[in-house]
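User: Hi! Could you walk me through this one? I'd like to start with how the strands line up.

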Amino acid sequence: MNKGKFYGVGVGPGDPRLLTLRAVEVLQSVDIVAIPKSRLDRESVAWEIAREHCRAETKLLELEMPMTSDQDVLLEAWRAGAEAVLSRLNQGLKVAFITIGDPSLYSTYSHLLQFLRPELAPEQIETVPGISAMSAAAARIHEPLALGDEPLLILPGTDNLERFLDLPNLVILKVSRTLPEVKASLEDSERKAVLFTRIGQTGEDIRTLDDLDPSGKIDYLSLLLVKMGGKQ
Ligand SMILES: C[S@@+](CC[C@H](N)C(=O)[O-])C[C@H]1O[C@@H](n2cnc3c(N)ncnc32)[C@H](O)[C@@H]1O
């Protein structure tokens, strides 16, 4: 059978100029761009970033990937998404699944691949790395994520930051989930914490935790860099 090819393409954090040359090459060559959406009636940030690099005739395949911690709902969404992709691959088509930042860091791409890998030959899969949001954030303030022998810890939100505060460099992704707890943990610590929202996108915002509005609510597309070295 004429087998297709599946690509996981990192489209970077927001600025359409921060895609790799390989990502653009793949987007221009595929038959279908698969777009993860939290709800089908919502816009996709990944598509907003990628669209200018795609051919007008490229078909889109929208995949609903709900934002939930319900494992049964998630498993079903990944399974259905993988099935929709596989049926196109089995027609010999090339499908690029686009994902914000880098596909190897907290991306639905890895879950889809879990379902697809047993069905595909190794040469039918290509993962195209992307610039992660944390790299873009560090670049915006000209700070290293880590230097010399220092470790760097990446956390997916946390309500127990105290146990990591001895480390020199922390990145907290998905920080909107636990911002009040994170803020409280940092209150009396001599740490420099910078909150980045929608880096490279409309509405980009960079601020300290002291500058939050009273509701404490922030956009899901926000991350916190925390470093030793005194409050900013
Ligand atoms: C599911 S993770 C995806 C990470 C992504 N794969 C990466 O490499 O950056 C989503 C989290 O990434 C962070 N994020 C993604 N894009 C961002 C942006 N443009 N600005 C700030 N944070 C962003 C936020 O912490 C968000 O909650």
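**Strands, cores and a few loops**

Analyst: Happy to. In this predicted model, I35 sits opposite E62 of strand 3. The pairing there is between strand 2 (residues 32-37) and strand 3 (residues 59-64), in the parallel sense over six bridges. To get from strand 2 to strand 3, the chain passes through helix 2 (residues 45-50), and this β-α-β crossover is right-handed.

User: Nice. Now the packing: which residues touch the most other members of the largest nonpolar core?

Analyst: F6, L63 and V85 do, in a core of 22 residues. Strand 2, strand 3, helix 3 (71-89), strand 4 (94-99) and helix 4 (108-116) each give two or more residues to this core. Helix 3 gives the most, with eight residues.

User: And what is V85 in contact with, leaving aside neighbours within four places in sequence?

Analyst: V85 is in contact with F6, L61, L63, V95 and L116. There is also a second, separate core of 19 residues, which includes Y7, V9, I35 and I98. In general, nonpolar side chains in soluble globular proteins tend to be buried together.

User: Switching to loops. Where is D15, and is D15 buried or exposed?

Analyst: D15 is in the loop between strand 1 (5-10) and helix 1 (21-29). With a relative accessible area of 18%, D15 is buried, because the cut-off for buried is under 20%.

User: What does its side chain do in there?

Analyst: The side chains of D15 and R17 are joined by a polar contact of 2.7 Å. Not counting residues up to four places away in sequence, D15 touches I49 and G200.

User: I also want to check backbone angles. What is phi of H142?

Analyst: Phi of H142 is near 55°, a positive value in a residue other than glycine. Most residues other than glycine have a negative phi. H142 lies in the loop between helix 5 (133-140) and strand 6 (153-156), and counts as exposed at 72% relative accessibility.

User: And R198, what's phi there?

Analyst: R198 has a positive phi as well, near 45°. Its place is in the loop between strand 8 (191-197) and strand 9 (205-207).

Key: Residues numbered from 1 in each chain as written. Predicted model: local features only at pLDDT ≥ 70, side-chain atom pairs only at ≥ 80, totals over all residues. Heavy atoms only, no water. Helix = DSSP H or I, 4+ residues; strand = E, 2+ residues; numbered from the N terminus. Buried < 20%, exposed > 50% of the residue type's maximum accessible area, 1.4 Å probe, protein only. Polar contact = N/O pair within 3.5 Å; in protein donor to acceptor, adjacent residues only side chain to side chain. Contact = heavy atoms within 4.5 Å. Pairing = 2+ DSSP bridges. Right-handed = clockwise from strand over helix to strand, strands pointing away. Core = buried A, V, L, I, M, F, W, Y, C linked by side-chain atoms within 4.5 Å.
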